Amino acid sequence: MIIQLLSTFIVSGAFAVIFNIPEKNILQCCIVGMVGRLLHSTLMNHDYNTVQATLIASFSIGVISQIFAKIYKTPVIVFSISGILPLVPGGLAYDATRNFVEDHYNLGIQIGVKAIMTAGAIAVGLVLSEAVMRILTIRKKIHLNGFHK
């Protein structure tokens, strides 16, 4: 588990460098990726399926990215892209394609659908985190301005 976390830390940092993230934010990108992968692995070890674990992990990555964006006054995408990349189902997509090439169509379809559902879970998790953070921000503004009921 420690080796997996360290490798995810390095991979997230490498993607941050590839995407020309400012040097002052690379450490935070590594932390976001590592936390997301840790949560994903922990959920997988507690009998969650891949799609559920990815949804929860991507939601968490989105929330952490929103918080870091506010703290470091940086766009959210700086942290979310580097954090989300370790969860991308590239291996599943490869396995689906390989099964299609080897004429194992039923297995290819099953794995392909799982890859698509996992990618969808990433998108939904990020969108949900954005929505929740906006709702909380609006509620905070309303409360501070005295418009609460």
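Let's start with accessibility: buried means under 20% relative accessible area, exposed means over 50%, and partly exposed is anything in between (1.4 Å probe, protein chains only). Phe15, with a relative accessible area of 28%, is therefore partly exposed.

This is a predicted model, so local features need pLDDT of at least 70 and side-chain atom pairs count only at pLDDT 80 or more, while totals for chains, interfaces and linings use all residues. Residues are numbered from 1 along each chain as its sequence is written, and side-chain values use heavy atoms, leaving out hydrogens and water.

**Exercise 1. Describe the overall make-up of the protein chain.**

Solution. Step one is to list the elements: helices (H or I, at least four residues) and strands (E, at least two) are DSSP runs, numbered from the N terminus. The protein chain has six helices and zero strands, and from the N terminus on the order reads α-α-α-α-α-α.

Step two is the extent. Along the principal axes, the C-alpha atoms fill a box of roughly 65 × 40 × 25 Å.

Step three is burial and contacts. Of the 149 residues in the protein chain, 35% are buried. Contact here means heavy atoms within 4.5 Å. Among contacts between residues at least 6 apart in sequence, 63% join residues at least 24 apart.

**Exercise 2. Work out where Ser12 sits and what Ser12 touches.**

Solution. Begin with the element: Ser12 is part of helix α1 (residues 2-18). Next, check accessibility: the relative accessible area of Ser12 is 0%, so Ser12 is buried. Now skip the neighbours within four places in sequence, and the contacts of Ser12 are Cys29, Cys30, Gly33, Met34, Ser82 and Pro86.

**Exercise 3. Take the two cysteines Cys29 and Cys30 and decide what their sulfurs are doing.**

Solution. A disulfide is a pair of cysteine sulfur atoms within 2.5 Å. Searching the whole structure turns up zero disulfides. For Cys29, the nearest cysteine sulfur is that of Cys30, 6.9 Å away. As for accessibility, Cys29 is buried at 0%, and Cys30 is buried at 6%.

**Exercise 4. Characterise the packing of α3 against α4.**

Solution. First, the geometry. Axes are lines fitted to C-alpha atoms, for helices over the stretch in contact, and angles run from 0 to 180 degrees between N-to-C directions. The axes of helix α3 (residues 50-72) and helix α4 (residues 76-84) come within 8 Å and cross at roughly 145°.

Second, who makes the contact? From α3 come Ser58, Ile61, Ser65, Gln66, Phe68, Ala69 and Tyr72, and from α4 come Val76, Phe79, Ser80, Gly83 and Ile84.

Ala, Val, Leu, Ile, Met, Phe, Trp, Tyr, Cys and Pro count as nonpolar, Asp, Glu, Lys and Arg as charged, and the others, Gly among them, as polar. The contact of α3 with α4 then splits into seven nonpolar, five polar and no charged residues.

**Exercise 5. Classify the ring pairs Phe15–Phe19 and Phe68–Tyr72.**

Solution. Rings of Phe, Tyr and Trp (its six-membered ring) pair if their centres lie within 6.5 Å; planes under 30 degrees apart count as stacked, over 60 as edge-to-face and the rest as tilted. The whole structure holds five aromatic pairs.

For Phe15 and Phe19, the centres are 6.3 Å apart and the planes are at 20°, so this pair is stacked. Phe19 is partly exposed, with a relative accessible area of 44%.

For Phe68 and Tyr72, the centres are 5.8 Å apart and the planes are at 75°, so this pair is edge-to-face. Phe68 and Tyr72 are about one helical turn apart, because they are four residues apart in helix α3. Phe68 is buried at 15% relative accessible area, whereas Tyr72 is partly exposed at 34%. Ring pairs also bring in Phe79, giving a cluster of Phe68, Tyr72 and Phe79.

**Exercise 6. Find the setting of Asn20 and Asp103, two non-glycine residues with positive phi.**

Solution. Some background: most residues other than glycine have a negative phi. Asn20 has a phi of about 55°, lies in the loop between α1 and α2 (26-45) and is exposed at 68%. Asp103 has a phi of about 65°, lies in the loop between α5 (90-101) and α6 (105-144) and is exposed at 52%.
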